[in-house]
Amino acid sequence: MAVYCNISEDAQQKYEHFTKEKPDPEMSIEYKVGHKDFVNSGKASSEIKLMLKRLGVNPEILRKVAVASYEAEINVTAHSLGGDIICDIYLDCVHIKFIDNGPGIKNLEKALEPGWSTADDLVREMGFGAGLGLPNIKKNADVMHIESAENQSTILQIIIFY
Amino acid sequence: MKLREIVELLDGVLLTDAEHLDREITCAFGSDLISDILMCTKEATLLLTGLTNPQVIRLSDMIDLLGIIFVRGKKPADDLIEMANARDLPLITTKFTLYKSAGILYNSGLRSCKI
């Protein structure tokens, strides 16, 4: 099992506090993501953004959440057999988990390199597969944690503080 | 610059509600790569693209798009036009290429969006 974790410098203290306190989420929502369902993919991220907007989260944070979550949702659609999204909303952050049904990432180190992609022609024709998904998630999320192995589920988690 | 002027400059056709022609457009960005569009747009912008799948409209849920110009004569399916109208998002199609469309708009004073 390969694991990668990135915590932005600004979020170190907040993340430590979060893991120590282990608060209960104010709200928790689950979504399904279908394999290659490019018609509906993105709906969950768009709903998460709307929900946070209603809670008064500022536009710059909303953009970061939407971009990171959307890239991750598209990854589940494009590269996996489908999966689930669990979004936990806390008073000071949002924690989104993407759990797919495999087949896992063969080489996680490579997958994190900008420009490296395993996307098929269908995915590329739709404007994806530039190899910028994971780098874009890393750039926008305060915490990004990913674990995967060949023939297993990939679990990607992101946390963004408000 | 008003969207009406952009439609004229690109010899384009507005596909969504007519009232969109009065929309004020402040800047633009052009790309056929969705990750690029997500990464590069730090402010509300007009998008020039050759992509016509539902995810292009979905993009406007994530980032602020002032409108979308489909280049190279591409025209999205009717359900995408419906999706755009529901989001109050103007759609325009032009026969010009991405390069030519961008050149015309840039020379007419429409600046590049902040990246």
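Guide: Let us begin with the word contact, which means heavy atoms within 4.5 Å. In this predicted model, 18 residues of chain B are in contact with 24 residues of chain A by that criterion.

Visitor: Why are α2(A) and α3(B) called roughly parallel to each other?

Guide: The axes of helix α2 (residues 43-54) of chain A and α3(B) come within 9 Å and cross at roughly 20°. Angles under 35 degrees count as roughly parallel, and α2(A) and α3(B) are therefore described in that way. Their crossing is left-handed.

Visitor: Which residues meet where α2(A) and α3(B) are in contact?

Guide: From α2(A) come A:Lys43, A:Ser45, A:Ser46 and A:Lys49, which meet B:Arg58, B:Asp61 and B:Met62 in α3(B). Sorted by kind, the residues of this contact divide into one nonpolar, two polar and four charged.

Visitor: What does helix α3 of chain B lie across?

Guide: Helix α3 (residues 54-62) of chain B lies across β3, β4 (65-70) and β5 (91-93) of that chain, and runs at about 165° to β4(B). Since angles over 145 degrees count as roughly antiparallel, the value of about 165° places α3(B) and β4(B) in that class.

Visitor: What makes β1 and β6 of chain B edge strands?

Guide: The open sheet has six strands in the order β1-β5-β4-β3-β2-β6 (chain B), with mixed pairing. Strands β1 (13-14) and β6 (111-112) of chain B each pair on one side only, and are the edge strands. Elsewhere in chain B, strand β2 (residues 27-30) and strand β3 (residues 45-49) pair in the parallel sense over three bridges, and B:Ala28 stands opposite B:Leu46 in β3(B).

Visitor: What makes the phi of A:Lys22 worth a remark?

Guide: Most residues other than glycine have a negative phi. For A:Lys22, phi is near 40°, a positive value in a residue other than glycine. A:Lys22 is placed in the loop between α1 (12-21) and β2 (27-33) of chain A.

Technical notes: Residues are numbered from 1 along each chain as its sequence is written. Chains are lettered from A and ligands numbered from 1 in the order in which they are written. This is a predicted model: local features need pLDDT of at least 70, side-chain atom pairs count only at pLDDT 80 or more; totals for chains, interfaces and linings use all residues. Side-chain values use heavy atoms; hydrogens and water are left out. Two strands pair if DSSP finds at least two bridges between them. Helices (H or I, at least four residues) and strands (E, at least two) are DSSP runs, numbered from the N terminus. Axes are lines fitted to C-alpha atoms, for helices over the stretch in contact, and angles run from 0 to 180 degrees between N-to-C directions. Angles under 35 degrees count as roughly parallel, over 145 as roughly antiparallel, 65 to 115 as roughly perpendicular and the rest as oblique. A crossing is left-handed if the near helix is turned anticlockwise from the far one by less than a right angle, and right-handed if clockwise. Ala, Val, Leu, Ile, Met, Phe, Trp, Tyr, Cys and Pro count as nonpolar, Asp, Glu, Lys and Arg as charged, and the others, Gly among them, as polar.
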